[in-house]
Amino acid sequence: MKQVVQNYKSGELALLDVPVPGCKPGGVLVRSAFSLISTGTELMKVSEAGMSMVGKARSRPDQVAKVMQSVATNGVPATYRKVMGKLDSYTPLGYSLCGVVEQVGAGIDDVKVGDLVACAGNEHALHAELNWVPKNLYAPVPDGLAPRHAAFGTVGSIAMQGVRQGESQLGEVALVIGLGLIGQLVVQLLAASGVRVVGADPDPVRCELAERLGAAACGDPASAAVEAAVAELTDGHGVDQVYLAAGGGSNQPVELAARLCRDRGRVVDIGKCRLDLPWNAYYEKELDVRFSRSYGPGRYDPEYELEGRDYPIGYVRWTERRNLACFLDLVARGRVDVEPLISHVADFDDAVETYQRLKDGELKAVAVLFRYPDQAVEAEAPAVAVPTVNVKRSPARAAKTPVRLAFVGAGNYATSMLLPHLAQRDGVDLSTVVTTTALSGANAQRKFGFAEATTDLDAVLGDKSIDAVFVVTRHSSHAELTRKALLAGKTVFVEKPLALSEDELAGVLAAVEESGNDRLQVGFNRRFAPLLQEARERFGARTGPANLRYLVNAGRLQHGSWYLQQGSEGSRFAGEGGHFIDTASWLLDADPVSVYAVAPTGNEDLQVVLRYPDGSTATISYVTTGPAGLPKETLDLVADGKALRLDDFVRATVYGRKKWVSSRLPKARDKGQNAELAAFIKAVRTGGPMPVPLQSLVATTAATLAVQAGLAGGAPVTLAGPR
């Protein structure tokens, strides 16, 4: 088998062929699926190994002290041989992974062959294809948790043990200094515990990431922003706890901790930073300085780690293994989100190159994963079902005018992009608006002329005079409201997304089958944009496969936006990615057959590659970190020696035998909402076909869901038929 090793004397990194470890009693043999590079601890070791002998000595004074003691005891020659022999040996790297149990040793009864487990330990969870792991250093992975996310178990336990040492309470305010991998996890754990968090880090990208993951405010510790945020959140008293998650030789973190901590506050050291405590500052506030020892109680105790002797839960509630299981549970339930922390996923065969890129600064990352080949756990994962819609339609209603509409939801999109078009359209009667608060309904009624405003959804669905229902609420409610409206016999227009999970999509289609009502439209408006429709017509038919590139400069969201509530509302791409997938599929006149997604920068930026039956591909670059001046959407389609270019719905160009360039539209870009609504109203009024076939809506929704599945599994996802 292969294993990542390093020679501490020369600094050499290698992917070495080594024997497979035996499966001893009291543990299991685990085949790795994903292992996590600790960009703090491991890179420190890699950097130290590249130093001169003097540099190594300066960086590890603790080891120098041991050498001097050995000289006093054994003499210089014996000590020299011992030290050189140890330095000139291969040592392992890694301590956090997820894999599949391949063999079960004697005395193990809580897992079986084929189970997925998360593993810990710098001697047992190594960057290697196979590891023997004792009982107290693994934990079963909860159902539904992706292997790449479970690989964070050990670093999550380190962060969790630090938070436990801080003894945080609801309503307190904490300062996290250092927003690397551990710091980002500490931020999320504190936020999940009801603690308001301020973060400090000189890297603005890491500060922004921490704010998206729950911090109230973040900033450079050298600026006044952090101190101002602490003063505002604590009424000038100072934070209740400080978590030192920074590394390096600067004493700035402990000085900042003393300055911003309240009287008798707690300072918890998690990282490895300089701790030259300013005596007066810590004495005057009587600060409680605590250390967090790795993953929790049991660490460094051979009877616990190697012999499997657990501590009674009545005396030690949170041991090393129980911390590991607790963290996995939080991730599985969406209370902690590790996906935004993943900056890069590398094949295990590229391990040496990956370490070198990290060391050289070429690859800037919060977390990097190694993906191991030929894993059974991955072989089962890469498929998302695209259900086939089979329905015996109920008899259509007779054509009628006016068409009576009800709106469920009257938020910003409904009031700015839909209702202005409908309010002035002949043959449309805005009957009822349904909102959760009375005032928002009253405002919509006043502005757009609804006959009635109510909070009673059931009354609206039971009103036989209403022909169609618009669902324009938060993403998490779309599928259920659509299902109810279809069962009530209404024609439904639901804003994207149609569903946030395969189960939600299946529930909508079950309602279609049960009711015989397939009158459904999802708000994929870009295919209706007049400029894009004309460009497609001028591009003409194609005979060969096409390449399509779609750049979406989504931009940053304001702090506090409900779009950031990923646990309940899904990711940003889950919410709006269907727009771009639908546009690509409409231009290519087919539904995708596979999806591959990567998140290269550790934030919400995505690259999504769609493959189509005829060999065509569409690449959607979805970025949230682009500059404000960059156009929001640009698209290029190339096939058969022709090209189509769309510039942000302002101008379109087709290159072929003759070049066609549209006239430049005014700043008010027409992205197709008006034409889409006209087609929908016509279908409702006449009983004719819906503007977009239901099977296409299902395929686009399944492809959007496959993006998240692909990110979780780290592999292409096949869009398959019903399973």
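A residue counts as buried when its relative accessible area is under 20%, as exposed when that area is over 50%, and as partly exposed in between. With 47% relative accessible area, Glu167 is therefore partly exposed. Please keep in mind that this is a predicted model.

## The parallel sheet

Let us start with a six-stranded sheet. Its strands are arranged in the order E11-E10-E9-E12-E13-E14, the sheet is open, and the pairing is parallel. At the edges sit strand E11 (217-219) and strand E14 (288-291), each of which pairs on one side only. On average, neighbouring strands of this sheet are turned by 20° against each other, direction ignored.

Within this sheet, strand E9 (residues 173-177) pairs with strand E10 (residues 196-200) in the parallel sense over five bridges. Looking across from Leu175, you will find Val198 of E10 standing opposite. Helix H9 (residues 225-234) packs on the sheet, where it touches E9, E10, E11 and strand E12 (239-244). The direction of H9 makes about 170° with that of E10.

Helix H7 (residues 181-192) contains Gln188. Is Gln188 buried or exposed? Its relative accessibility is 5%, so Gln188 counts as buried. Apart from neighbours within four places in sequence, Gln188 has contacts with Leu213, Val336, Asp337 and Leu341.

## Salt bridges

Side chains of opposite charge can pair when their charged atoms come close. The model has 30 salt bridges by the rule used here, and the table shows some of them.

| Pair | Closest N to O distance |
|---|---|
| Arg404 and Asp429 | 3.4 Å |

Asp288, at 30% relative accessibility, counts as partly exposed.

Another pair is Arg404 and Asp429, whose side chains form a salt bridge. Arg404 belongs to strand E18 (residues 403-408) and Asp429 to strand E19 (residues 428-434), so this pair ties together parts that are 25 residues apart in sequence. Asp429 counts as partly exposed, at 27% relative accessibility.

## Helix H24

Helix H24 (residues 673-686) has 14 residues. From its first C-alpha to its last, H24 reaches 20 Å, close to the 20 Å expected at 1.5 Å a residue.

Which residues of H24 are buried? They are Gln673, Glu676, Leu677, Phe680, Ile681, Ala683 and Val684. Because these residues cover an arc of only 160° around the axis, they are on the same side of H24. The buried residues pack against E18, helix H16 (412-423), E19, strand E21 (468-471), strand E22 (491-494) and strand E23 (520-522). Just after the helix, Gly687 takes a positive phi of about 80°.

## Antiparallel strands

Finally, have a look at strand E25 (residues 594-598). Strand E25 runs antiparallel to strand E26 (residues 606-611), and five bridges join the two. Val595 has Leu610 as its bridge partner in E26. E25 is also joined, by two bridges, to strand E32 (residues 717-720), again antiparallel. In that pairing, Ser594 stands opposite Thr718 of E32.

Technical notes. Residues numbered from 1 in each chain as written. Predicted model: local features only at pLDDT ≥ 70, side-chain atom pairs only at ≥ 80, totals over all residues. Heavy atoms only, no water. Helix = DSSP H or I, 4+ residues; strand = E, 2+ residues; numbered from the N terminus. Buried < 20%, exposed > 50% of the residue type's maximum accessible area, 1.4 Å probe, protein only. Contact = heavy atoms within 4.5 Å. Pairing = 2+ DSSP bridges. Axes fitted to C-alpha atoms, helices over the stretch in contact; angles between N-to-C directions. Salt bridge = Lys/Arg side-chain N within 4 Å of Asp/Glu carboxyl O. Expected span 1.5 Å × (residues − 1). Arc of directions from axis to C-beta.
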